[in-house]
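User: Hey, I'm new to this one. Can you walk me through it?
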Amino acid sequence: MRLSCLPLTTFKEVPAEAEVISHQLMLRAGLLRRLASGLFTWMPIGLRVLRKVEQVVREEMDRAGALELLMPAVQPAELWQETGRWDVYGNLLLRMRDRHEREFCFGPTHEEVITDIARRELKSYKQLPVNYYQIQTKFRDEIRPRFGLMRAREFLMKDAYSFHLDQASLNATYEAMAEAYARIFTRLGLGFRPVEADSGEIGGARSQEFHVLAESGEDAIAYCDADQFAANVEMAAALPPDTPRPAAGAAMERVSTPDTRSIADVAGFLGIPAEQCLKTLIVDAEDGGLIALVLRGDHELNTVKATALPGVSSPLSMASPERIQAALSCPPGFIGPVDLSVPVIADHSAAALADFACGANAVDWHLQGVNWGRDLPEPTTADLRNVVAGDPSPAGDGQLAIARGIEVGHIFQLGDKYSRSMQATVLDQAGKDVPMLMGCYGIGVSRIVAAAIEQNHDEHGIIWPEPMAPFQVILIELNPKKSAEVTAAAQAMYESLVTAGIDVLLDDRNARPGVKFADADLLGIPHRLTLGDRGLKAGAIEYRARRTGNEENIELNDVVKFLQTKVLAGAN
């Protein structure tokens, strides 16, 4: 491609609406253009990146034995009503009516549609297992689209769905998909981690997320290199302390603490560390009452773990200040577990404290020197908190570290959640109708592009992993209007590279060298060649690697062979 034929518009300034680096750089480099909130047009160079990602995904899905199909984006309401998700999905569904007033939605996912296909097409266990996939546009009506492609309303997704007679077959396909995903992200040149995860609104049993590691990631990942443990923070178990609780060393006393509601305020007022304070959170119980959850002051409640507790309402709901005041005669901020009139569940770390401080269940008062078993009953204990760096690994060898990640893939074992509600059955070996077991495997194809930029950039622009780059090489022709010889040599070099199978972008624009260099860095193309009058006279061309910045002069006759070696090395 010649840049003189492409109306590429780049910007030096950071767009005001772009909050994260991927959104900023994609707009600045002319890869995307915003149409409306959460809706983007893929411009020619950006689309080349998207298609390269899509091709790797397709090749690895085919290699894993999945069968590609293409389902309608618009789905009838009746299918979603069969599974009960028409109401559960709520405002994330973009709903519409046709001229006959029949209800439809623009699909955010396709479990219902594929299950409908399966119940029509699959009749016998002999047809199983089978794994269907598609690469298609989805729409989720996010309440606050932001971060460009990271939280867009319309996006490109690869979704696959497998059908099985038994759990062993489902397990085998689930593992095959996990391996395929690892190959995809490895081929794309991304640093990633697969982690155990919560199934969320999709439902089902086991699930794994695949995260591209980046400081800007929305998700926290707990991992341990010593034993290869990795999990989303919400799924990582916080083990009980392995040392006994210290003996009581102080007497309990009531302390006036005016206007000190937060842990930071209480710790500062009392002159103690936050980890020596307890915080008591009041949540709604499933029987209509209240339950107190007690954590160490420096720890955060894990809502997934809390929701799973017996007796706690699901979804988890924090009690309103009005309910707390009415039931406990005290507002939030001064609640503590001593003499509390509702059930108390303490996190393991909170239960291991001695001589701690907590609310006194009275406005502007706290207790200090409190001890379990002496000043209040020994509590029911559970794992209630998010793990933190330095916690022991649940796998038993080493300590946890915390990294930020961007979720780009998720695989699920759905079981019979959808097949049973939609009566998708096959005849088994005994001739009996049984619901098929299902797996679900998603990759955010367009999100991968943004995640790659979040992981690979510098102050000058994007640094594409070579398999994703829109072009392998950019050839910059300096001052084309001043030297016919340079123009002719650049055109000849361009043709030679194309003939050799190298994907090259020729910057033959009549623009200043500084503009061309800045655009090359912004676009992030891995290999840059610069040909000017001085180099041509010396029989050489300047080469620069985008990622390392290393430069060298290459003899003109050696350029094609040199680049073939570089490109091959980058692809591997």
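User: How much of the chain is buried?
Analyst: Buried residues (under 20% relative accessible area, 1.4 Å probe, protein chains only) make up 52% of the 572 residues. Keep in mind it's a predicted model, where local features need pLDDT of at least 70 and side-chain atom pairs count only at pLDDT 80 or more, while totals for chains, interfaces and linings use all residues. Residues are numbered from 1 along each chain as its sequence is written, and side-chain values use heavy atoms, leaving out hydrogens and water.

User: Which residues touch the most other members in the largest nonpolar core?
Analyst: Those are Y181, F185, I448, W464 and M468, out of 67 residues in that core. A nonpolar core is a set of buried Ala, Val, Leu, Ile, Met, Phe, Trp, Tyr and Cys residues joined through side-chain atoms within 4.5 Å. Helix α6 (residues 167-187) gives this core its largest share, eight residues; helices here are DSSP runs of H or I, at least four residues, numbered from the N terminus.

User: And what is I448 in contact with?
Analyst: Skipping neighbours within four places in sequence, I448 contacts V53, F185, L188, L190, V408, I443 and M468. Contact means heavy atoms within 4.5 Å.

User: Switching topic: at what angle do α1 and α12 pack?
Analyst: About 105°, with the axes of α1 (residues 21-28) and α12 (residues 445-455) 8 Å apart. Axes are lines fitted to C-alpha atoms over the stretch in contact, and angles run from 0 to 180 degrees between N-to-C directions. The two helices are therefore roughly perpendicular, a label for 65 to 115 degrees.

Methods:
Parallel < 35°, antiparallel > 145°, perpendicular 65-115°, else oblique. Buried < 20%, exposed > 50% of the residue type's maximum accessible area, 1.4 Å probe, protein only.
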